[in-house]
Amino acid sequence: MTIHIDFKDKHCPHCNALYIPFYKDFKCPKCGKSINDYFDFVDQMIQSLNAHKNLYDQFNPPTWYTGSLVEYFQSIIFKIFDALVQEKPKNGKKYIKKLLDSSMGDEKEYLGKHLENVALRVYDVFEKEGGFSKKRSEKDKENINLFERFIP
Ligand SMILES: [Zn+2]
């Protein structure tokens, strides 16, 4: 089961840019004006990372549907986090920036910068919580076995 964060696309009332208000006293990632809006994206993102790690032993799930900006950000962050586990860079933040720079190329306008800031915040919190060293618990394994019986 994949965990989709439920947050409908929102547009800045000043410049119409898409945004996810992932911190308090949020400012539009494009025009920089204050938007009185907040959504606990980081916490929910971490829940989805942990859930997928338990279920699939990786962050990026086998199938994913992107219908919103939040789901798009989720899918990129899953892939970044799997790459972090594989590559084990000394400086995780630098690695994330480099990865996003190379994959966005010329398209890296405000949305790319927004994604980078979101990904770095998620990384900070996840690492502090020891998320990268968490192993699947035995109970989770049992649950998965039960679950898999119903899947042909
Ligand atoms: Zn704006």
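Modeller: Gladly, and since this is a predicted model, I will start with helix α1, residues 41-56, whose 16 residues reach 22 Å from the first C-alpha to the last, close to the 22 Å expected at 1.5 Å a residue.

Biologist: Which residues of α1 are buried, and what puts them on the same side of α1?

Modeller: In α1 the buried residues are F41, M45, L49, H52 and K53. They cover an arc of only 100 degrees around the axis, and therefore they lie on the same side of α1. The buried residues of α1 pack against α2 (69-87) and α4 (110-128).

Biologist: Why is M45 called buried?

Modeller: The cut-off for a buried residue is 20 or more other C-beta atoms within 10 Å, and M45 has 26 C-beta neighbours inside 10 Å, so M45 counts as buried. This residue of helix α1 touches I5, Q74, I77 and V122, not counting residues up to four places away in sequence. M45 and F78 are 33 residues apart in sequence, while their C-alpha atoms are 9.4 Å apart in space.

Biologist: How do you know that I80 is buried as well?

Modeller: I80 has 21 other C-beta atoms within 10 Å, and because the threshold is 20 or more, I80 is buried. Its place is in helix α2, and, leaving aside neighbours within four places in sequence, I80 is in contact with I96, L99 and A119. I80 and Y123 are 43 residues apart in sequence and 9.8 Å apart in space, C-alpha to C-alpha.

Biologist: How do you know that the span of α4 agrees with its number of residues?

Modeller: At 1.5 Å a residue the 19 residues of α4 should span 27 Å, and the end C-alpha atoms of α4 are 27 Å apart, so the two values agree. The buried residues in α4 are H114, L115, E116, V118, A119, V122, Y123 and F126.

Biologist: Which residues touch the most other members of the largest nonpolar core, and which elements give two or more residues to this core?

Modeller: Of the 21 residues in that core, I20, I77, V118, A119 and V122 touch the most other members. The elements that give two or more residues to this core are α1, α2 and α4. For I77, leaving aside its neighbours within four places in sequence, the contacts are M45, A119 and V122.

Biologist: What makes D25 and K88 exposed, and what is the phi of each?

Modeller: D25 has 10 other C-beta atoms within 10 Å, and because the limit is 12 or fewer, D25 is exposed. D25 is found in the loop between β2 (18-19) and α1, and its phi is near 55 degrees, a positive value in a residue other than glycine. K88 has 10 other C-beta atoms within 10 Å, so by that limit K88 is exposed too. K88 is placed in the loop between α2 and α3 (92-104), and K88 has a positive phi of about 45 degrees although it is not a glycine.

Biologist: Which residues with a positive phi follow α1 and α4?

Modeller: Just after α1, D57 takes a positive phi of about 65 degrees, and α4 is followed by G130, whose phi is positive, near 75 degrees.

Biologist: Finally, what is the pattern of the chain, and how much of the chain is buried?

Modeller: The chain has five helices and two strands, and read along the sequence the pattern is β-β-α-α-α-α-α. Buried residues make up 18% of the 152 residues in the chain. Among contacts between residues at least 6 apart in sequence, 51% join residues at least 24 apart.

Methods:
Residues are numbered from 1 along each chain as its sequence is written. This is a predicted model: local features need pLDDT of at least 70, side-chain atom pairs count only at pLDDT 80 or more; totals for chains, interfaces and linings use all residues. Helices (H or I, at least four residues) and strands (E, at least two) are DSSP runs, numbered from the N terminus. The expected span of a helix is 1.5 Å times one less than its number of residues. The arc is that of the directions from the helix axis to the C-beta atoms. Two residues are in contact if their C-beta atoms, placed from the backbone, lie within 7 Å. A nonpolar core is a set of buried Ala, Val, Leu, Ile, Met, Phe, Trp, Tyr and Cys residues joined through C-beta atoms within 7 Å.
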